[in-house]
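Open the model in your viewer and keep the sequence panel beside it. We will go from stop to stop, selecting as we go.

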Amino acid sequence: MDSASESALNTAKRIYVTTWSSSGKSGTVPVWFMVKAGCVYFTTLKASLKARRIKANGRVSVQIGSQNGPVLEGKAEWVEGQPDLEREILNIYR
């Protein structure tokens, strides 16, 4: 992650996560987030479209702060079974 992206993440209230279907159709949604150890974390319902897409292929694009903000391209991973991490994210949301 470059310094401009890192700086933007430190001040942004939300990120815009774009995921792709297996057919290549994209969808973008705003989410609250947390940065920890160079990774960006957010929560979503297990049955949400973005969750299903992340589980299927993991391809994501993240716009920081707004849909015109700095862009990070990457691979998302579905994280489960880490209640301490989930509590930490939820505490930041509150």
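**Stop 1: the largest pocket**

Start with the open space. The largest pocket holds about 920 Å³. Keep in mind that this is a predicted model.

Now select the residues around that pocket. Its lining has 30 residues. Those nearest the centre are V40, Y41, F42, E77 and V79.

Next, colour by element. β1 (15–20), β4, β5 (59–64), β6 (71–75) and α3 (83–93) each give two or more residues to the lining.

What classes of residue make up the lining? Colour by class and you will find 17 nonpolar, seven polar and six charged residues.

**Stop 2: the whole chain**

Zoom out and show the cartoon. There are three helices and six strands in the chain. Trace them along the sequence and you read α-β-β-β-β-α-β-β-α. The radius of gyration is 13 Å, close to the 12 Å given by the globule rule for 94 residues, so the chain is as compact as a globular protein of that length.

Switch to the C-alpha trace. Along its principal axes it spans about 35 × 30 × 20 Å.

Now colour by burial. Of the 94 residues, 31% count as buried. Then think about contacts. Take those between residues at least 6 apart in sequence: 51% of them join residues at least 24 apart.

**Stop 3: T19**

Select T19, in strand β1. Is T19 buried or exposed? Its relative accessibility is 3%, so T19 counts as buried; the cut-off for buried is under 20%.

Show what surrounds T19. Beyond its neighbours within four places in sequence, T19 is in contact with K25, S26, G27, K50, R53, I54, R59 and V60.

T19 and K36 are 17 residues apart in sequence and 21 Å apart in space.

**Stop 4: R59**

One of the contacts of T19 is R59, so select R59 next. R59 sits in strand β5. With a relative accessible area of 45%, R59 is partly exposed.

Which residues does R59 touch, not counting those up to four places away in sequence? They are T18, T19, W20 and G74. Draw a line from R59 to G74, C-alpha to C-alpha. The two are 15 residues apart in sequence and 6.3 Å apart in space.

**Stop 5: S48**

Move to the loop between β4 (39–41) and α2 (49–56), and select S48 there. S48 has a relative accessible area of 18%, so S48 is buried.

Show side chains. The side chain of S48 makes a polar contact with the side chain of T44, at 2.8 Å. Then find the backbone nitrogen of A51. This nitrogen lies 3.1 Å from a polar atom of the S48 side chain.

**Stop 6: A37**

Finish at A37, in the loop between β3 (34–36) and β4. A37 is exposed, with a relative accessible area of 79%.

Check the backbone angle here. Phi of A37 is near 50°, a positive value in a residue other than glycine.

Definitions and conventions:
Residues are numbered from 1 along each chain as its sequence is written. This is a predicted model: local features need pLDDT of at least 70, side-chain atom pairs count only at pLDDT 80 or more; totals for chains, interfaces and linings use all residues. Side-chain values use heavy atoms; hydrogens and water are left out. Helices (H or I, at least four residues) and strands (E, at least two) are DSSP runs, numbered from the N terminus. Buried means under 20% relative accessible area, exposed over 50%, partly exposed in between (1.4 Å probe, protein chains only). A polar contact is a pair of N or O atoms within 3.5 Å; within protein, one must be able to donate a hydrogen and the other to accept it, and residues adjacent in sequence count only if both atoms are side-chain atoms. On a 1 Å grid over the protein atoms alone, a cavity is a set of points where a 1.4 Å probe fits but cannot get out, and a pocket is an open set with protein on both sides within 12 Å along at least five of seven lines; lining residues have an atom within 4 Å of a point. Grid points are joined across faces, edges and corners, and a volume is the space filled by probe spheres set on the points. Ala, Val, Leu, Ile, Met, Phe, Trp, Tyr, Cys and Pro count as nonpolar, Asp, Glu, Lys and Arg as charged, and the others, Gly among them, as polar. The radius of gyration is taken over C-alpha atoms; the globule rule is 2.2 Å times the number of residues to the power 0.38. Contact means heavy atoms within 4.5 Å.
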